[in-house]
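Take a look at the structure, then read on.

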Amino acid sequence: MAGRWIGRDARDSHGFHIERDLLCTVNAAGYFTSLNAGGERVLGWTREELMSRPLTDFVHPSDRVRSNEEMSKVSRPDYQVVNFENRYRARGGGWRWLRWSARADGETWFAVAFDVTEEKEMETHLRGVLTDEHLLAYSQPILDHRRGKIVQEELLVRMRANGGSDDVLPPAAFLPNAERCGLIGLVDRWMAAHAVALSRQGRRAEVNLSAVSIGDAEFTTSLERWITRAGANPENLVFEITETAALEQLDLAVDFAERLTRLGCQFALDDFGTGFGSLTHLRLLPVRFLKIDTSFVRDVAQNRDDQAMLRGIVAIARELDVLTVAEGIEDAATLELITDYGVDFAQGFHIGRPAPVG
């Protein structure tokens with residue numbers, strides 16, 4: 001256990017709830033010395049039962065060594081560990097995963113814990129399905145409307161449904177859980193590998209990467225190695241970074257983009273216009289394409305504010321020698337209008353719906 005409490009989880013905005021979550025103190029002998037009712041609700045034991053025995057009696061055998069190692073550090077004033085996880089035996093049978101944060105004062109632990117059993121079960125499930133057997137690569141064409149030619153394609157992930165059906169799950173059905181469980185990097189690696197394979201075939205492929213992967217030095221090194229060893233044409237690889245991802249860790253995004261650009265890869269700033277730092281990102285990142293967010297394109301034929309925004313983005317892009325892509329083109333009228341405004345490329349259902357990569 002141990003650490004400063006930083007909330008229910010770095011990915012969870014609900015925070016601590018005195019009736020739902022566990023709040024306690026633990027002495028140097030490893031006994032609870034105080035415990036709120038949340039502990040009873042989570043584990044099913046009474047407060048008296050939990051306080052009558054060393055708490056490691058309730059800990060899963062596989063987690064006891066780690067737990068004892070952390071508890072032995074209570075003698076270190078202000079020692080802390082954040083988000084330490086172990087399993088506790090519940091009265092009704094089975095085990096509950098708890099995520100602890102606590103601080104020692106030299107004699108006592110002051111700790112909070114959150115029941116993350118459902119999250120851990122979801123993580124186990126996702127590790128089983130975020131694989132070649134279940135993931136599918138789709139692509140959506142991007143049109144150079146002046147030449148009337150498809151010039152590149154954006155890769156989009158899908159998943160086979162369980163149960164032997166032919167249903168295909170959209171990203172919204174599994175990506176949010178992958179992000180919450182810290183497994184989005186598995187999807188990024190899988191999709192990036194497909195993009196590298198397509199680039200080797202002479203197809204220009206775009207792939208969107210999460211903030212997790214952008215900030216992962218190991219992933220960046222692996223990606224550089226894949227591109228070099230595969231004999232891929234780096235110019236056919238376009239990596240999309242959303243404004244949100246860039247904003248989360250801008251320095252890491254810049255480093256990632258510069259390393260891949262040196263190999264010859266290109267970059268697109270996705271969802272452009274939705275973030276507070278749009279122009280800052282454009283100035284700092286080696287961007288070749290601006291992907292104008294669908295929210296500015298969907299109603300542009302009727303909305304004068306969207307029209308003004310679109311013209312402004314195109315003007316900025318031209319000054320910086322950056323190409324523009326309008327996302328969300330769903331009818332001929334919108335395509336004609338963005339052509340008149342000087343947008344370089346178009347993407348959307350009117351151009352082509354996502355389909356399995358052939």
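## Cores and packing

The largest nonpolar core has 68 residues, and L130, L223, F239 and L290 touch the most other members. Helix α6 (residues 184-200) gives the largest share of this core, 8 residues. Another core lies apart from it, with 25 residues, including V42, L43, W45 and L98. A nonpolar core is a set of buried Ala, Val, Leu, Ile, Met, Phe, Trp, Tyr and Cys residues joined through side-chain atoms within 4.5 Å. Buried means under 20% relative accessible area, exposed over 50%, partly exposed in between (1.4 Å probe, protein chains only).

The model is predicted: local features need pLDDT of at least 70, side-chain atom pairs count only at pLDDT 80 or more, and totals for chains, interfaces and linings use all residues. Residues are numbered from 1 along each chain as its sequence is written, and side-chain values use heavy atoms, without hydrogens and water.

L223 touches A192, V196, F239, F256 and L260, leaving aside residues up to four places away in sequence. Contact means heavy atoms within 4.5 Å.

Helices (H or I, at least four residues) are DSSP runs, numbered from the N terminus. Helix α8 (residues 217-230) packs against helix α10 (residues 250-263) at about 10°, with axes 11 Å apart. So α8 is roughly parallel to α10, a term for angles under 35 degrees. Axes are lines fitted to C-alpha atoms over the stretch in contact, and angles run from 0 to 180 degrees between N-to-C directions.

| Residue | Relative accessibility |
|---|---|
| C24 | 4% |
| C265 | 3% |

The structure holds 0 disulfides, meaning pairs of cysteine sulfur atoms within 2.5 Å.

Terms used. Helices (H or I, at least four residues) and strands (E, at least two) are DSSP runs, numbered from the N terminus. Angles under 35 degrees count as roughly parallel, over 145 as roughly antiparallel, 65 to 115 as roughly perpendicular and the rest as oblique.
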